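Have the model open beside you and try each exercise before reading its solution. Each solution goes step by step.

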2 protein chains.
Amino acid sequence: MPSTDLVFPSCAAHRRWLAAQAALPRGFRVGTAKFAFTPREAPKPSEMTLTLISLDAPTRDFAAVFTRNAFPGAPVVIGRERLQERELGAIIVNNKISNVCAPEGRAAAEAVCTRVGELLGLPASAVLPSSTGVIGWSLPVEEMLAALPSAKAALQADSILPAAQGIVTTDLYPKVRRHDFANGGSLVGVAKGAGMIEPNLATMLVYLLTDVAVPREALREMLRRVVEPSFNSISIDSDTSTSDTVAVVSSGRVACEDLGAFEEALRVVCCDLAEDVVRNGEGVRHVIRVAVTGASDAGQARSLGKAIINAPLFKCAVAGNDPNVGRLVQAIGKGAETASFGTGGVGAALMERLRLTMGGIEIFSDGVFQLDPQKEATLVAHLKQAELYESRLPADGIYRAGVDYPPHERCVEVGVDLGAGDRTATVLGGDLTHEYVSENADYRS
Amino acid sequence: MPSTDLVFPSCAAHRRWLAAQAALPRGFRVGTAKFAFTPREAPKPSEMTLTLISLDAPTRDFAAVFTRNAFPGAPVVIGRERLQERELGAIIVNNKISNVCAPEGRAAAEAVCTRVGELLGLPASAVLPSSTGVIGWSLPVEEMLAALPSAKAALQADSILPAAQGIVTTDLYPKVRRHDFANGGSLVGVAKGAGMIEPNLATMLVYLLTDVAVPREALREMLRRVVEPSFNSISIDSDTSTSDTVAVVSSGRVACEDLGAFEEALRVVCCDLAEDVVRNGEGVRHVIRVAVTGASDAGQARSLGKAIINAPLFKCAVAGNDPNVGRLVQAIGKGAETASFGTGGVGAALMERLRLTMGGIEIFSDGVFQLDPQKEATLVAHLKQAELYESRLPADGIYRAGVDYPPHERCVEVGVDLGAGDRTATVLGGDLTHEYVSENADYRS
């Protein structure tokens, strides 16, 4: 990460770029339908968008990975079963309600799949359902069934942008990434990330469509591999949604000339979408990229990187453009303990070998900090250039994002060299801001 | 937890209660000295307090446990060695600078111990050092040596309150708890917790003094046991300080009539101090108590409880007096995964057996939520009664605590029954508030 380092001078420029990314691969159609409804559990008017992705012909070649949360939503439970089915013909996504631990949740999801199947001439078992939104509430099944014909009528083969917009709840902007292959095939992905102003769980949904013919088993192995350096290497706030889903579907219209090149494209698209999800994370004003090098084990390297991007005190310091490197060392020391580097003697050996950088500047080596006032000023400047927008004191006490698109793709760059091997890992996270607290504490009651 | 449920009508009432708690056991003296200095790494005036705890005669009977962070401060490294020494005669604590990963940090701590020893007629090896404050900065050794005679001159045998006040940085109030035994012996403990307005690491330091004669090995075994349900069952923000220290020292002046009764008193004092630390945690407006029951393993129960009190989205919901129980289930589902309950089938079985309560009201059973608008109102009222103070929009954007003492000891009560055994665990944590972010992001740069 990242494959790009974009700077958008305006929201309009960002929109033009997104539209250019969004051309659909052959063999797919996308349509959405929006409707008003009243949730049973909280009787006030709300709005839901259904996003329908259909294949012109069902395919054997699809793959998906799901949340590891022990309490998955009904669509995730069904989705795991769909992996055993011979063919997939459509994906149906709703926002607003996640259908997790709701009474009769499974029957509700199956009813929606059945109706999609009827409309498209497919068995229900060829339809993959996804839901995101409030946990515990019930899907408005009748209203969803009534709206499905409109989603079908809206199907078009030009752009995935309606899906990118339809699956979000209150993400600030739609997220689309693509790769074009030399033989005319393409891969395009959309993500719904962690940006909600309702006090809900921030689910990640990712759909990747390609017309390149990659056989089912190869596709599944590739997806398992590429989620590790991408979606499994990010964390907004260490929480794990009950609905997280990443699916990739091939329509098989274009020959695959090189499986390795396809996997590399899939990896890059996934890493870029993962970075988009972090950059639009709840309240994120700084994206933090931690590159761990010199590890003896890649899993240990990633675990240590995650300990840093999940350390609240360090995240707060970054939010304040404060190069509080003591908190970085504390987070590494805690991460080293949980990543089973051992403590005591091993911790001391690790400390001696450790070399830390921020913005490329050495801040720790030979077991002690390497700090001076000039470095501190340089570090503050590094933090400021990576800020997405300035925090502003709101008149009503509710902090809100200062932009509705990311003006740049710069990160706070943290380097952690363990001096103990040649394994590496890169992880991405966000800072901890008033905007995060406002999004998650200030909107209800 | 807790042994008490105090309500303080005023700060003055709280101070009177503290003074009554603070009588020193026989054989101990406490003195402090405050002085101005200029840190080498950040040249602006600062102030440090030295807290000296001395025994009238050195004792063999002392115990201590330290942080598990892999990068402990120099005083922790020395403290671990002190456990091998034959006798302990004094404890010297400084605030402001934690002496972690600072050049020549060990020599600095040893120089302070040597001077304390000279003043009190002890070898340096009989002096336990502790430091809390900024990580990475160097101790002002010359100024500390010069101030030590004043700390010695201030030694008195009446009250531990000067120590409770001297070890804090910007905790809102001193923390003292005691137990009086029937035969005239006593146990008194002080804690410095997680409440700092400098952007530092929130170290926990706890010193427990008793005149009851408990042999060294018994004392050490007891301490290892009682830290589990007390200090190892709390979390403000999942970070692990590089300086955490809990020490217990006996002057041996009063016979111990019942080791079991002493251990129980130690457990209660430690649990109460642990709760005090949470209640004065950075930005904490609600203390959350999670009682996990019906577990097949106590460690698993505690791990699951910690997953809940460390889940940022749930913590934010509590801050907003928002009974967002979906986030509670998400946190349990994630905790169940990491606490190795397994996923998939095991997760489904767990979900069927799970019974959740908040404020005593059932909110989840039989695998689904049990919610209605009346329950929601009751839950909001439960959250509000546990609030320590109302959050107020500050004119300068920097949120501050609304009180300087805890007006009550009420908690947000969460019950998690796993229906799978007879093991239990209770953990305490705090909410995630604008006051936390302000304390950790808004004060520097």
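**Before you start**

This is a predicted model, in which local features need pLDDT of at least 70 and side-chain atom pairs count only at pLDDT 80 or more, while totals for chains, interfaces and linings use all residues. Residues are numbered from 1 along each chain as its sequence is written, chains are lettered from A and ligands numbered from 1 in the order in which they are written, and side-chain values use heavy atoms, with hydrogens and water left out.

**Exercise 1. Describe the overall build of chain A.**

Step 1: start with the elements. Chain A has 13 helices and 16 strands; these are DSSP runs, numbered from the N terminus, with H or I over at least four residues for helices and E over at least two for strands.

Step 2: look at the dimensions. The C-alpha trace of chain A spans about 70 × 55 × 45 Å along its principal axes. A compact globule of 445 residues would have a radius of gyration near 22 Å, and chain A agrees with its 22 Å. That radius is taken over C-alpha atoms, and the globule rule is 2.2 Å times the number of residues to the power 0.38.

Step 3: turn to burial and contacts. Of the 445 residues in chain A, 62% are buried (buried is under 20% relative accessible area, exposed over 50%, partly exposed in between, with a 1.4 Å probe and protein chains only). Among contacts in chain A with a separation of 6 or more, 81% are between residues 24 or more positions apart; a contact means heavy atoms within 4.5 Å.

Step 4: finish with the surface. Chain A exposes about 15100 Å² of accessible surface, and carbon and sulfur atoms hold 50% of it (Shrake-Rupley method with a 1.4 Å probe; for residues, only the protein chains shown count as cover).

**Exercise 2. Work out the order of the 7 strands in the open sheet of chain A.**

Step 1: write down the order. The sheet reads β9-β16-β11-β15-β12-β13-β14 in chain A, with mixed pairing; two strands pair if DSSP finds at least two bridges between them.

Step 2: find the ends. β9 (234–235) and β14 (368–369) of chain A are the edge strands, each pairing on one side only.

Step 3: check the neighbours of β15(A), residues 412–417. β11(A) runs parallel to β15(A) and is joined to it by 6 bridges, with A:Thr293 opposite A:Asp417. β12(A), residues 355–358, pairs with β15(A) in the antiparallel sense over 4 bridges, and here A:Met358 faces A:Val414.

Step 4: β12(A) and β13(A), residues 361–365, run antiparallel with 3 bridges; A:Leu356 has A:Phe364 as its bridge partner.

Step 5: α7(A) lies across β9, β11 and β16 (423–430) of chain A, at about 35 degrees to β16(A). For such angles, axes are lines fitted to C-alpha atoms, for helices over the stretch in contact, and values run from 0 to 180 degrees between N-to-C directions.

**Exercise 3. Is A:Glu282 buried or exposed?**

Step 1: locate the residue. A:Glu282 sits in the loop between α7 (259–279) and β11 (287–295) of chain A.

Step 2: read its accessibility. A:Glu282 has a relative accessible area of 0%, so it is buried.

Step 3: consult the record. An unreviewed UniProt entry lists A:Glu282 under "binding site", along with A:Thr169, A:Lys192, A:Thr203, A:Asn440 and A:Ser445. UniProt positions are given in the numbering used here, feature names are shortened, and annotations may be inferred rather than shown by experiment.
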